[in-house]
Amino acid sequence: MSLYGMMRTGVSGMQGQASKLSTIADNIANSSTTGYKKFSVEFSTLVVNSGGGSYNSGGVITSVRQAVSQDGVIQYTSSTTDLAIDGDGFFIVQDSEGNSFLTRAGSFVPDAEGRLINSAGYYLSGYSYANGTPSVVVNGYNGLDPVVITSNEISATPSTEGVFQSNLPNAAPVVTGTLPSANAAASEYTEKSSMVVYDNLGGEVILDVYYTKTAANTWELTVFDQADAAAGTSFPYSSAPLTTQTLNFDGTTGDLLTPANFTVAVPGGQNLTIDIGDMTQLSTEFLVSDLDVNGNAPATIDRIDFSAEGVLYAQYSDGTTRNLYQIALASVASPDQLVALSGNVFQTSDMSGEVSIGFPNSNGNGALKSGAIETSNVDIAEELTEMVQSQRNYTANSKVFQTGSDLMDVLLNLRS
């Protein structure tokens with residue numbers, strides 16, 4: 001055995017244990033860092049070919065690994081914008097230049113512009129509902145925008161769709177006089193209801209809806225703008241009906257046959273499509289069982305919340321709610337092979353595989369938890385135990401080096 005080889009082996013062992021002690025120090029220092037994933041050092045042998053009766057010592061090779069796939073404990077907080085992932089997946093965040101990264105650190109707070117930012121300065125990304133229900137781009141970050149919540153923003157949404165369910169009395173007599181569609185002072189009808197919808201500026205528009213039985217299993221539905229009604233009598237309205245529909249019912253079941261919906265051009269607003277497919281004609285009184293129309297008057301955001309599927313919705317001061325963003329999660333084939341960067345974020349590598357994006361609670365991604373954060377996956381007791389063990393191993397390797405050095409002194413001091 002070469003004395004120099006013996007000393008080099010001792011140095012190799014000390015270097016390996018020093019590397020392990022460095023990861024332990026980093027783990028302990030970040031034991032309170034939200035979403036932190038601990039590092040560890042793995043050892044493998046370095047063998048040098050030996051021949052004959054001599055042995056050439058090798059050493060140890062170290063590789064650093066990070067337990068990215070090991071979840072930390074979910075800890076609940078009082079902040080709605082604190083987010084955690086219960087299961088697999090990563091939040092997608094952006095830096096100030098728009099570059100995208102992955103992280104499990106979900107302690108977000110709004111900045112001066114309303115963007116949700118974590119403690120490392122990265123902005124949470126999501127798909128906006130501004131252009132309708134978002135769809136995910138599976139293999140890239142395209143379409144993702146920083147999530148912006150402006151509490152003092154005043155928002156008004158015009159009505160565009162609704163659901164109306166009611167029962168028209170089967171026993172009602174057929175109206176033989178002037179129908180509401182004629183818009184005459186002598187117009188007759190069977191039943192009437194009204195609904196509130198909203199124009200483009202959030203103004204309330206009241207629609208008067210008349211139901212008139214014109215024959216067995218046949219009704220006329222007529223809609224007017226209440227603002228055009230004659231004082232005290234309604235008829236005649238100053239403008240023509242917004243729509244007139246003929247409703248046909250099945251005489252056996254009482255179910256509506258046609259039409260399934262109708263569309264009204266809201267004055268100063270959008271085309272409003274009302275689903276009436278579940279309307280019935282049964283032997284009971286006139287009854288409105290469901291009326292739900294979207295849109296809202298000007299209102300400010302009172303609070304925000306997240307669903308388990310990642311939908312960020314706002315509740316406004318008038319009691320209405322509206323979807324703002326859909327939070328996306330990213331996944332890779334081998335999370336432990338991601339490249340760790342400062343700020344507790346990750347990038348993909350050749351070993352980790354390409355990123356795949358989906359929504360929470362789908363395609364293998366975990367559920368989104370609002371009002372919670374994921375703590376680090378560092379076990380302090382385990383780290384302290386590893387530190388003592390590594391310290392002892394370092395000391396033992398130093399003894400090997402010191403012994404080699406002493407033997408070298410003996411060799412140099414030999415006299416012939």
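So, to start: is Tyr-211 buried or exposed? Tyr-211 is buried, with a relative accessible area of 0%. Keep in mind that what we're looking at is a predicted model.

Tyr-211 has a partner, Phe-164, and the two form a stacked aromatic pair, 6.3 Å centre to centre with 10 degrees between the planes. Phe-164 counts as buried too, at 2% relative accessibility. Now, where do these two sit? Phe-164 is in strand E12, residues 161–169, while Tyr-211 is in strand E14, residues 204–215, so the pair ties together parts that are 47 residues apart in sequence.

Next along is another ring pair, Tyr-210 and Phe-224. Here the ring centres are 5.9 Å apart and the planes stand at 80 degrees, so this one is edge-to-face. Tyr-210 belongs to strand E14 and Phe-224 to strand E15, so this pair ties together parts that are 14 residues apart in sequence. Both Tyr-210 and Phe-224 are buried.

How many aromatic pairs are there by this rule? The count comes to 14. Some of the rings join up, too: ring pairs link Tyr-189, Tyr-210, Phe-224, Phe-235 and Tyr-237 into a cluster.

Phe-235 is a handy bridge to my next topic, the backbone. A cis peptide bond joins Phe-235 and Pro-236, with omega about -5 degrees. If you want to find that spot, Pro-236 lies in the loop between strand E15 (218–225) and strand E16 (243–249). In that loop between E15 and E16 you'll also find Ser-234. Ser-234 isn't a glycine, yet it has a positive phi of about 75 degrees. And Ser-234 is buried, with a relative accessible area of 16%.

Which other peptide bond is cis? That would be the one from Thr-258 to Pro-259, where omega is near -10 degrees. For orientation, Pro-259 is in the loop between strand E17 (256–258) and strand E18 (261–265).

Asn-344 has a positive phi of about 60 degrees, although it's not a glycine. Look for it in the loop between strand E26 (339–341) and strand E27 (345–347). Is Asn-344 buried or exposed? Asn-344 is buried, with a relative accessible area of 13%.

Notes:
Residues are numbered from 1 along each chain as its sequence is written. This is a predicted model: local features need pLDDT of at least 70, side-chain atom pairs count only at pLDDT 80 or more; totals for chains, interfaces and linings use all residues. Side-chain values use heavy atoms; hydrogens and water are left out. Helices (H or I, at least four residues) and strands (E, at least two) are DSSP runs, numbered from the N terminus. Buried means under 20% relative accessible area, exposed over 50%, partly exposed in between (1.4 Å probe, protein chains only). Rings of Phe, Tyr and Trp (its six-membered ring) pair if their centres lie within 6.5 Å; planes under 30 degrees apart count as stacked, over 60 as edge-to-face and the rest as tilted.
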